[in-house]
Every structure is written in structure tokens, then in C-alpha cells.
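The following note sets out some points on the model under review. Please read it alongside the sequence and the coordinates.

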Amino acid sequence: MARRSTSEFGFPPFRGAVRQIIIASVAAYVVILLLEAFAPHYGSLLVAAGSLTSAVRAGWLWQLVTYPFISVMPWAFVLSLSGIYFLGPAVEGRIGHARFLYFFFGTVVLSALIGIGLSFTGVMGQGAAFSMIAAANALLMVFYLFDPDAPIMAFFVLQIPVKWLVLLFIAVETAYLLLSHFSLFYCVSVAGFGAGYIWYRLFLTRRTAVGISEKYFSFRNSYYRWKRRRAARKFEVYMRDHDRTVTFDEHGNFIPPDKPDKKNGGSKSGWVN
């Protein structure tokens, strides 16, 4: 029997990768609050080192994966974790524990790279980015792509199709992006929707997975055929140096010389495959 995807009162189960991510985020936020209260200097250092900033361009690459676990504003912390908690179990149940973790960190890094790329303009992508809003937006996008007509309870009051919720969040966050003069925080946040779409198209659709598999095996087989032809040419040169002539076809298969006393069904090689 399939495990239930929701618990009583409509709350999803608290387990799997979603549970691990939320526990890690809450633990990091508690540490930040305690440091800000009792050791503000170290709290500020932790936030500065863990948040996504232009310091990534100077080698602070860990910020690409640590910034979702850094939270300063309580509303951003609660809102982003709510998205992970309410949407995460449905997506994780569909793609599995490991693929969900790949999806989470993959979209986090992709969103960060888009924001850092915009920072090279010197106008957009300035400041710092933190919280799991980008990951929550990517999750919302993938949830929508899996089931565009699925109803979802918005703000615990109104049940609406998820596609309208996606449009609403994109519109609101785009407005904040413009009002903040393209700050890095909202650049990364809005990029989360695009990162979710890209990840879905590349790794979460069956057609894409089959296409990638076919391309891999085609490339591998082409490589092996090239190696066989190359070995055949080397062998031809070697045999000519020893006053003997051997012939291979365009696929690198050996063509034995014709013999008048062929046996075994007339096969040139003497074998029947």
C-alpha cells in the first residue's frame, strides 16, 4: 500500500529529505538568533560569510550552497520554509529522496549563479541574498509542471489552481525586484522559478531522461567504433611493415582474403555467426 502523502488536517508528513532540510534550516536560524543576541559580532560574521554576495567571485564558493540556510528576516524564514514543507513532500514522493536532494541543491546553485552573473553588470545583482525563497520558488514551479491543474490551499483559506498561485508569486516578486532596483536578493528569488523550470526539463521528465540516455550510449558506441577503426589502421601498417597485407572494412572489421577451398558455408572467415 502506498504511503500517505498527507496527514490529518491536511498537513503533509514531516519526513525524508524535506525533514532534513527544514531541521538544518531551523538549527542554523537558532544559532544565528543566539549569536545576534549574545555575540552580535560573531553573528554578523556568520551571516556575512554564509549569505550569497559578490565575494563568490573572489573564491567564496561555499556561499552558493550555504545562503539558503542563512535567514535574517523572520517573515522570509517562515514563508520560504512553509513552501518547502507544504510542497516538498508531494514532489519528493514523486521523484524520490536522492533526486529531491539533487533538485534542491541544484536549483539553489543555479539560482545563485544567475544572480551572480547579473552582478557583473555593476547595476543589477548587488547586495546579499539569503533564505530559501529561491528553492521554494523552484519547488513551486516543479509542483506546477507535474500537475498544472492541481488545487492548492493558498494562505490556509482559499483553494485555487496552482498555476494561478505561480503567476501571483512571480508577479509579486517581480514587483519587489523592480522596487529594489534589481537587488541580488530578488534576482536570486525570481531566478528560482527559472531554475525549477530548467531542472524539470533537464532531469525530471521521462522523455528528457530517455533522450539523455540515448545520447550517452550513442556517444559511447561511436567512441568504441572509432577505437576499433584506429586499431585496425595501426594493425594494417604493422602488417605491411612485415610484408603482409590485411584488410578491414569501414567499421574496423577484419576481411579475410578469399580462399578457393573455403569451408563452413562459404564464410570468408571460416566461421558462421
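1. Helices (H or I, at least four residues) and strands (E, at least two) are DSSP runs numbered from the N terminus. The model is predicted: local features need pLDDT of at least 70 and side-chain atom pairs count only at pLDDT 80 or more, whereas totals for chains, interfaces and linings use all residues. Residues are numbered from 1 along each chain as its sequence is written, and side-chain values use heavy atoms, with hydrogens and water left out.

2. Of the 273 residues in the chain, 37% are buried; the term means under 20% relative accessible area, with exposed over 50% and partly exposed in between (1.4 Å probe, protein chains only). Helix H6 is mostly covered, with 13 of its 14 residues buried. From first C-alpha to last, H6 reaches 20 Å, close to the 20 Å expected, where the expected span is 1.5 Å times one less than the number of residues.

3. Helix H8 (184-204) has 21 residues and reaches 28 Å, close to the expected 30 Å. A kink of about 30° in H8 is centred on glycine 192; the bend at a residue is the angle between axes fitted to the seven residues ending there and the seven starting there. Alanine 195 also lies in H8 and counts as buried, because its relative accessibility is 0%. Alanine 195 and alanine 135 are 60 residues apart in sequence, and their C-alpha atoms are 8.8 Å apart in space.

4. How many cavities of 30 Å³ or more are there? The count is one, and the largest cavity has a volume of about 40 Å³. A cavity is a set of points on a 1 Å grid over the protein atoms alone where a 1.4 Å probe fits but cannot get out, and lining residues have an atom within 4 Å of a point. Grid points are joined across faces, edges and corners, and the volume is the space filled by probe spheres set on the points.

5. The lining of the largest cavity includes Tyr67, Phe130, Ser131, Ile133 and Phe185. H6 and H8 each supply at least two lining residues, and H8 gives the most, with three. By class, the lining has seven nonpolar, two polar and no charged residues. Here Ala, Val, Leu, Ile, Met, Phe, Trp, Tyr, Cys and Pro are nonpolar, Asp, Glu, Lys and Arg charged, and the others, Gly among them, polar.

6. There are 13 aromatic pairs. The rings of tryptophan 60 and tryptophan 62 are stacked, because their centres are 5.2 Å apart and their planes at 25°. Rings of Phe, Tyr and Trp (its six-membered ring) pair if their centres lie within 6.5 Å; planes under 30 degrees apart are stacked, over 60 edge-to-face and the rest tilted. Phenylalanine 185 and tyrosine 186 form an edge-to-face pair, at 4.9 Å and 75°; both residues are buried. One aromatic cluster is formed by Phe130, Tyr176, Phe185 and Tyr186.

7. Serine 131, although not a glycine, has a positive phi of about 75°; serine 131 is in the loop between H5 and H6 and is buried at 1% relative accessible area. Phenylalanine 182 has a positive phi near 60° and is found in the loop between H7 and H8. At 30% relative accessibility, phenylalanine 182 is partly exposed.

Methods:
On a 1 Å grid over the protein atoms alone, a cavity is a set of points where a 1.4 Å probe fits but cannot get out, and a pocket is an open set with protein on both sides within 12 Å along at least five of seven lines; lining residues have an atom within 4 Å of a point.
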